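User: I would like to go through this two-chain model and ask what stands behind each label.

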Amino acid sequence: MKKIACLVIVAFAFGMMFSTSAFSARETIIKIGINAPMTGDIPKVGEGSKYAAMLWLEDIEKAGGLEVGGKKYKVELVIEDNESKAESAVKANTKMISQDDVLAIVGPQSSKQAIPAGEVANKYKTVMISPWSTNPSTTLDRPYVFRGCFLDPFQGPVVANFITDEFGFTKAAVLYDVASDYPKGLAEVFKEAWEKKHGPGSIVAYQSFTTKDTDFSSQLTQIVKSGAQVLFTPQYYNEIPLIVRQAKDLGWKGPIVGSDSWGSAELVDLCGEACYGLFFSTHYAAAGAKGATKAFIDRYNTAYGYVPDDVAALTWDALLLVQQAIQDAGKITGKIETDRTAVRDSLAKIKNFAGITGNMTFTEEGDPIKCAVIVKINDKGEFEFYKSSCP
Amino acid sequence: MEIARKFINMFSNVPILGWLLGIFTAVLIEYYWGYDYISYYLGLPKIPVLFGALIMLKEPIMIPGAIGYDLIVYVIPILLVAKASNFLTNPVAAILEKTPLWMSSIIHLVCFYGVLHLWAGINDYRVLIVKLTLISIILTISINVINGYQGEFSCSHPGFMAIGAYISSIITLYFFVNDKTFGAAVLSPALGPWLFPFALIAGGIAASLGSLLVAIPSFRTRGDYLAIISLAFMFIVKSAVENLNVIGGARGMGGQPDYAPLPVIFIWTMLCIWIIHNFVTSIMGKALNAVRDDEAASESMTVKTRKTKMTAFTFGAFWAGIAGGLFAHVLAYINPGMFSINRLAEILAMVYFGGLNSIIGSIVGAVSINVLGEALRPLELFKWIIIPLILIFVMIFRPYGLISFKEINAKRLLRSKHKREQGV
């Protein structure tokens, strides 16, 4: 028995010595972490982030690596699944920072994961850019955390102004998920902005439901009865088709307006013609895009077979921001702590970055100043640019 | 099988202390040579964090390297040292055997903690996993009191956890932190870590008061009905917190101070194991089992069934509250969505996987579900196929869980293992 054991060990040791990976020197690799919801409630968001990141990596590999201070470095992506859960996002960030030695992290996308994950990134002094999180607390008092999109307090008034200017309505209804922080926050901001414009009581119905509800008929009946002219519902793409169809069945005639969480490639597939002609505010419009934005959309479409949603575009921008920040930092020392701080400093200094979702300059909090776009779902089911609104 | 039996027999005279010494050596090897030499020569980018599970699943080319690392760092040193140090560890264990059991247990636990701390300290990711696993152990044992020992099917554990998490967070944020919602710190922040246990206990007490809300109207019901009532309670807590904007509502509550480092959580977990073990082996614990097996019969045998059930319920809820408080301070952020049906499924999976009516089973369940969940992370979607499959197989082949109806026998576990004493 001992002989067998010895033989196995010796054979194993020899096998190791001649395998290709043994004794390979450790080279300095630039690692970028992607913290995305690959499974859970919103897998399409995770998929979009992953695909955008893979396209970016393809570009870098084509160029033979990322050139920093005259030297080319190999780049690797570390893609972690946060299961759309807060504690998993924290675990994923901790793993990427302490185990994989990532230089910067892109993600998580939703605020409920980005807030706790941002705490971790800031604690370990690692740059984190959340492309899609619109909650102010994600970046608040955290010098190492940035974001790639506008905030809720900006988006609410944009939508309120758009409805007023476009339709001239004075009575609005709101339907939102009370259990999810993003819809709830945006609903509050919208209500405030609307009432400021049209006086108290101009929100004639303020109805809520809970995550994973699928029957909205009682809330929608109230809304239809209230005499509202427009319905604002800042929900995620998986709930919109249900809301829109049920509203139409109950006799709702007015427009339904939404926010950036509508902007997923899946929305029109799920909703069909019921959603044609509706408006929502978002980060970019795919149909009728020009220049670099169009180039990105076409590439993504040929590679993966559908038009990228705003998450993919924002992730792309976030990755380019990281790339620019690394290049601006001037050199990679190989000491990960020093490099992370250098990247953070150069990221904060970036001015007028020309992204595919608009130009960006970071404020001191790490929030970009950028424009919002109002998109119309046209008769072909495409997201068409309608109007843009800048701060 | 003959060889395997012989192999196991070879180590039958190694006491727990010997194993601890072996693990200690392995950790020392990893600590000093793991990164610079061993993982370097094996072509690994870094010390594999969970015995190489993550790297093996991500890059299959690393499998031989990771296995080699495990062999060189863990398996061989542990076996060698454990066996070779017999002459030393057995007499020491014999000496400890003569001391009172509590002293011997504490000495063992301190040694165990030292090894765990060193092992986890190599990487912060390990620390986080160990912390969350220890918290899961508290949760699992506490629900085992209700679902295992008492034989009910309670679904309100996430609710109790939420109450504990919120109450203890409110206390620490109000007293020790300059917070936006609660204003400036009332007491000096330096006192925080020392008074943190009181915040946790307050959270636990609040959770057990909450459990009375379930227990009082439902003590006549059993089985499905209690499951429905307790499930409703969980949703009530969640909805209540969502609609309380003072404590953040659905946006959650963040900024809890870092009062829960590894030693604190370890001490609480050990306290929990000890207290619950004493509880379930006491007369009350036997009464619980009697109520579970036949309520009418136990009533006629002078067991106060109502009091027994209420006590078990509030007691389990108390520990769930403690676990919630620790959880909140580890993540430094909580929102009501965390304490929902997903969490319930996780807790129930841990307790039914590990084994009903058994503390050691709960520990096994909590550790294995946590470690599996983390180790299979690179598989993304397939992880959610593999873990449920394992659960289904456990339910088919061992309907009461892996290790059910077994108690820890600390004296037997810790005793010295001289051949002479074994009668060889």
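Analyst: This is a predicted model. One place to start is helix 12 of chain B, where Ile283(B) and Asp293(B) are exposed.

User: Which residues of helix 12 of chain B are buried, and what makes a residue buried?

Analyst: In helix 12 (residues 283–293) of chain B, the buried residues are Gly285(B), Ala287(B), Leu288(B), Val291(B) and Arg292(B). The label requires 20 or more other C-beta atoms within 10 Å.

User: Why are the buried residues of helix 12 of chain B said to line one face?

Analyst: Viewed down the axis of helix 12 of chain B, the buried residues fall within an arc of 155 degrees, so they line one face of the helix. Ile283(B) and Asp293(B) are on the other side. The buried residues pack against helix 7, helix 11 (262–281), helix 13 (295–300) and helix 14 (305–331) of chain B.

User: What makes a set of residues a nonpolar core, and which residues touch the most other members of the largest one?

Analyst: Membership requires buried residues of nonpolar types joined through C-beta atoms within 7 Å. The largest nonpolar core has 213 residues, and Val322(A), Ile135(B), Ile138(B), Ala323(B) and Leu326(B) touch the most other members. Helix 7 (residues 124–149) of chain B gives the most to this core, with 16 residues. Leaving aside neighbours within four places in sequence, Val322(A) is in contact with Ile32(A), Ala104(A), Val106(A) and Ile129(A). In soluble globular proteins, nonpolar side chains tend to be buried together.

User: How many residues of each chain are in contact with the other chain, and what counts as contact?

Analyst: Contact means C-beta atoms within 7 Å. By that criterion, 38 residues of chain B are in contact with 33 residues of chain A. On the side of chain B that touches chain A, helix 7 of chain B gives the most, with four residues. The residues of that side divide into 20 nonpolar, eleven polar and seven charged.

User: What makes strand 2 and strand 6 of chain A edge strands?

Analyst: Strand 2 (66–68) and strand 6 (145–147) of chain A each pair on one side only. They belong to an open sheet of six strands with the order 2-3-1-4-5-6 and mixed pairing. The twist averages 30 degrees from one strand to the next.

User: How do you know that strand 1 and strand 4 of chain A pair?

Analyst: Pairing needs at least two bridges, and strand 1 (residues 29–36) and strand 4 (residues 104–106) of chain A have three, in the parallel sense. Therefore these strands meet the criterion for a pair. The bridge partner of Ile34(A) in strand 4 of chain A is Val106(A). Helix 11 (residues 310–329) of chain A lies across strand 1, strand 2, strand 4 and strand 5 of chain A, at about 165 degrees to strand 4 of chain A.

User: Why does one side of strand 8 and of strand 15 of chain A lack a neighbour in the sheet?

Analyst: Strand 8 (203–209) and strand 15 (383–389) of chain A stand at the edges with a single partner strand each, so one side of each is left without a neighbour. Their sheet is open, with seven strands in the order 8-7-9-10-11-14-15. Strand 7 (residues 172–177) and strand 8 of chain A run parallel, joined by six bridges. Asp177(A) stands opposite Phe209(A) in strand 8 of chain A.

Methods. Residues are numbered from 1 along each chain as its sequence is written. Chains are lettered from A and ligands numbered from 1 in the order in which they are written. This is a predicted model: local features need pLDDT of at least 70, side-chain atom pairs count only at pLDDT 80 or more; totals for chains, interfaces and linings use all residues. A residue is buried if 20 or more other C-beta atoms lie within 10 Å of its own, exposed if 12 or fewer, and partly exposed in between; C-beta atoms are placed from the backbone. Helices (H or I, at least four residues) and strands (E, at least two) are DSSP runs, numbered from the N terminus. Two residues are in contact if their C-beta atoms, placed from the backbone, lie within 7 Å. Ala, Val, Leu, Ile, Met, Phe, Trp, Tyr, Cys and Pro count as nonpolar, Asp, Glu, Lys and Arg as charged, and the others, Gly among them, as polar. The arc is that of the directions from the helix axis to the C-beta atoms. Axes are lines fitted to C-alpha atoms, for helices over the stretch in contact, and angles run from 0 to 180 degrees between N-to-C directions.
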